[in-house]
Amino acid sequence: MADFSVLKVVLKTGRTHQIRVHMSYIGHPIIGDTLYGKESNLINRQALHCYKMSFKHPITHNKCNFIAELYDDMNNLIK
């Protein structure tokens, strides 16, 4: 079995594309990332998940917080 790691990556600005590019550049592409890595028989998509996101609403200036639990495919991959 191959070695994999679960990472917590905090973005100050930018998008998931940054994570994908940088992880691939250092030789550790995200599982299932067909653009910067390769297909995987472990999961049918990129093994990338935004658990928590916060930002200031551009009109109301209220702080917006969102949390999204892992889907089953990601939980199974981690297990």
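Is K79 buried or exposed? K79 counts as exposed, at 80% relative accessibility; the cut-offs are under 20% relative accessible area for buried, over 50% for exposed, and partly exposed in between, with a 1.4 Å probe and protein chains only. K79 sits in the segment after α2 (72-78). From K79 to L35 the sequence separation is 44 residues, and the C-alpha atoms are 25 Å apart.

Some ground rules before going further. This is a predicted model, where local features need pLDDT of at least 70 and side-chain atom pairs count only at pLDDT 80 or more, while totals for chains, interfaces and linings use all residues. Residues are numbered from 1 along each chain as its sequence is written, and side-chain values use heavy atoms, with hydrogens and water left out.

**Overall layout**

The chain has two helices and two strands, and from the N terminus they come in the order α-β-β-α. These elements are DSSP runs numbered from the N terminus: helices are H or I with at least four residues, strands are E with at least two. The C-alpha trace spans about 50 × 30 × 20 Å along its principal axes. The chain's radius of gyration is 15 Å, whereas a compact globule of 79 residues would come in near 12 Å. That radius is taken over C-alpha atoms, and the globule rule is 2.2 Å times the number of residues to the power 0.38.

Buried residues make up 15% of the 79 residues. The chain exposes about 7,100 Å², with carbon and sulfur atoms supplying 54% of that; areas come from the Shrake-Rupley method with a 1.4 Å probe, and for residues only the protein chains shown count as cover. As for contacts (heavy atoms within 4.5 Å), take those with a separation of 6 or more: 26% of them join residues 24 or more positions apart.

Helix α1 covers residues 16-25, and its buried residues are I19, R20 and M23. Looking down the axis of α1, these buried residues fall within an arc of 95°, so they line one face of the helix. The arc is that of the directions from the helix axis to the C-beta atoms. An α-helix has 3.6 residues a turn, so residues three or four places apart point the same way. H22 and Y25 are exposed on the other side of α1. After the helix comes G27, with a positive phi near 90°.

In soluble globular proteins, nonpolar side chains tend to be buried together. Leaving out residues up to four places away in sequence, I43 touches I31, D73, M74 and L77.

L42 lies in the loop between α1 and β1. With residues up to four places away left out, L42 touches F4 and L77. L42 and N76 are 34 residues apart in sequence, but 9.1 Å apart in space, C-alpha to C-alpha.

**Strands and cysteines**

Strand β2 (residues 63-67) holds F66. Apart from neighbours within four places in sequence, F66 is in contact with Y51, K52, M53 and F55. F66 and C50 are 16 residues apart in sequence, with 9.5 Å between their C-alpha atoms. In the loop between β1 (52-56) and β2 you'll find H61, whose phi is positive, near 65°, in a residue other than glycine. Most residues other than glycine have a negative phi.

| Residue | Relative accessibility | Class |
|---|---|---|
| F66 | 45% | partly exposed |
| H61 | 48% | partly exposed |
| L42 | 45% | partly exposed |
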